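Here are a few friendly notes to read alongside the structure. Take them in order, with the view open beside you.

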Amino acid sequence: MAAEQQRGIRVTQAELLCKDACGYYGNPAWQGFCSKCWRERTRKAEADRQETGPHNDAGSPLTFSKFEEKKNMEKGRKVNTMRRLFWGGPSPPKRPESSEGQAATLKAYQSIEPGDFTSFLKLLRNPSSQRLQSRCTAFLNTMEAYHGLPVQKQSDLVQDFYQNIAVHFSSLSEVQVSQMMEHMEKLIMTRLHKWVFCHDSCDDEVKDLALQRRIRSLNWVTPHMLRVPFPDERAEVVSDPFLPAITAIIEMDAKRAPQDKLTCVCKCSQNVFQALSSSNSEPANADDYLSGLIYVVLKANPPRLHSNMQYVIRFGLPHSLMAGESGYYFTNLCCAVAFIEKLDGPALNLSPEEFEGYMQGRRAPSKRGSERQQMARETQDQLEDLKSRQEKVDQGINALKEQLQHWVQSVKAQIDEVTSQSALAQEEIKAQSEFLQSHSVSTLTQADVKDQSVLLLDGQESNNNTCLTEAE
């Protein structure tokens, strides 16, 4: 009963924080440390190796160690050359005193709205920002020229560039400095993406393929196994409520700037919380969120997930990963990937035999315990209902077509009947008119004869009168 009431995968807040207890979020890629502590430890270890390296060479085979030492010296020489190109000397220069023009430029930077990258580029092209623009151009050109350096060296150079460029905006508030550095990161990494992403000097591509195969082999994992709150079987579910989160995490590979990739992670996480809140009457907690995020990663199987995460870790701004909403979400994503890589039977409340059966395809999730199959059945029922309704509509259309044809035929018959009746009526009218014409002609002829006879009689009478007059 207690196992059924347990929700999500349990991860405490302390497990997400840095091992050095600095208060920032740690990361499995940094062995549980934050980016700041991890870089300090890495640089300290490299310095110790360089100091102790020559003393340990005596009395041991020197061929390979000398080769490595020479290689490291060559890499260090390249890095120093790059730094001289950036700053004009072996170390970055100190920030000069601000002139009135620089103060006006900084005020203009303050007026830029958060996320308005276009206005940042326009302001960077102004003559007052020529020095900052020159430094960025020199850095980009040199990084492209030395793109063959190991990716970790390139990461160190980019992080050093961030630190030194931040000095240019030191007079601004902390929030404004963060905003300017986000614009600067997008400017730099959008151009360097093709050189440093999935670099040849690391095995990111191999790990991408291994992670994709691992996720593909776990496609049988259901939300019920992960204890993800899912819509009840009696609830009407049109589609997977986690689909927007799946779409957001897949879109991460299409972005080039680390900040844009983090935005996709944040959007995915927010959609996970929204799906959890719509699937459960109780508010979602951190355990629900992590289990939901694991479910999203398993269903999405995002392309080049390991490379994208390493790209953000190596070239993202430290403050975006160590604290804030983006840092929390990205740390949980790293925890989700680590969980998937080490997933076993007990983590899913399965015995080792059951887990192996699922992995080898001998078993399948039960219909009763699979809400997704229930949702698929409901979707199938809806499709069948739509199909039957469509058939009824088609039948109604065919019946309507037949009625329309009968109506057209009846109208045509009526028109033909009216036309024939009209022709008969016209013939009758014509006959009557001819009859009337002939009758009027005969009447006129009789009147003329009568008039002529009257005239003849009058003529004869006048002649007779004339004759009598003459006789008298």
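1. In which helix is the place of Leu-404? Leu-404 sits in helix 19, residues 371–471 (helices are DSSP runs of H or I, at least four residues, numbered from the N terminus). Before going on, please keep in mind that this is a predicted model, where local features need pLDDT of at least 70 and side-chain atom pairs count only at pLDDT 80 or more, while totals for chains, interfaces and linings use all residues. Residues are numbered from 1 along each chain as its sequence is written, and side-chain values use heavy atoms, with hydrogens and water left out.

2. Leu-404 is exposed, at a relative accessible area of 51% (exposed is over 50%, buried under 20%, partly exposed in between, with a 1.4 Å probe and protein chains only). Together with Trp-407 and Val-408, Leu-404 makes a nonpolar surface patch of about 340 Å². Such a patch takes residues with over 30% relative accessible area and no salt bridge, with nonpolar side chains (Val, Leu, Ile, Met, Phe, Trp, Tyr) joined within 5 Å.

3. Helix 19 also holds Arg-389 and Asp-385, four residues apart, about one turn of the helix. Their side chains meet in a salt bridge at 4.0 Å, N to O (a side-chain nitrogen of Lys or Arg within 4 Å of a carboxyl oxygen of Asp or Glu). Asp-385 is partly exposed, at 40% relative accessibility.

4. How many salt bridges does a search of the whole structure find? The search finds six. One of them joins Lys-186 and Asp-260, with the closest N and O atoms 3.7 Å apart. This pair links distant parts of the chain, 74 residues apart: Lys-186 is in helix 9 (residues 174–196) and Asp-260 in helix 13 (residues 258–279).

5. Arg-304 forms a salt bridge with Asp-253, the closest N and O atoms being 3.0 Å apart. Arg-304 lies in the loop between helix 14 (286–300) and helix 15, and Asp-253 in the loop between helix 12 (243–251) and helix 13, so the pair ties together parts that are 51 residues apart in sequence. Asp-253 is buried at 18%, whereas Arg-304 is partly exposed at 34%.

6. Arg-304 turns up again in the lining of the second largest cavity, along with Asp-208, Leu-211, Gln-212, Pro-302, Leu-305 and His-306 (on a 1 Å grid over the protein atoms alone, a cavity is a set of points where a 1.4 Å probe fits but cannot get out; lining residues have an atom within 4 Å of a point). Helix 10 gives the most to this lining, with three residues.

Methods:
Patches are made of residues with over 30% relative accessible area and no salt bridge: like charges are joined within 9 Å, nonpolar side chains (Val, Leu, Ile, Met, Phe, Trp, Tyr) within 5 Å. Accessible areas come from the Shrake-Rupley method with a 1.4 Å probe; for residues, only the protein chains shown count as cover. Helices (H or I, at least four residues) and strands (E, at least two) are DSSP runs, numbered from the N terminus. On a 1 Å grid over the protein atoms alone, a cavity is a set of points where a 1.4 Å probe fits but cannot get out, and a pocket is an open set with protein on both sides within 12 Å along at least five of seven lines; lining residues have an atom within 4 Å of a point.
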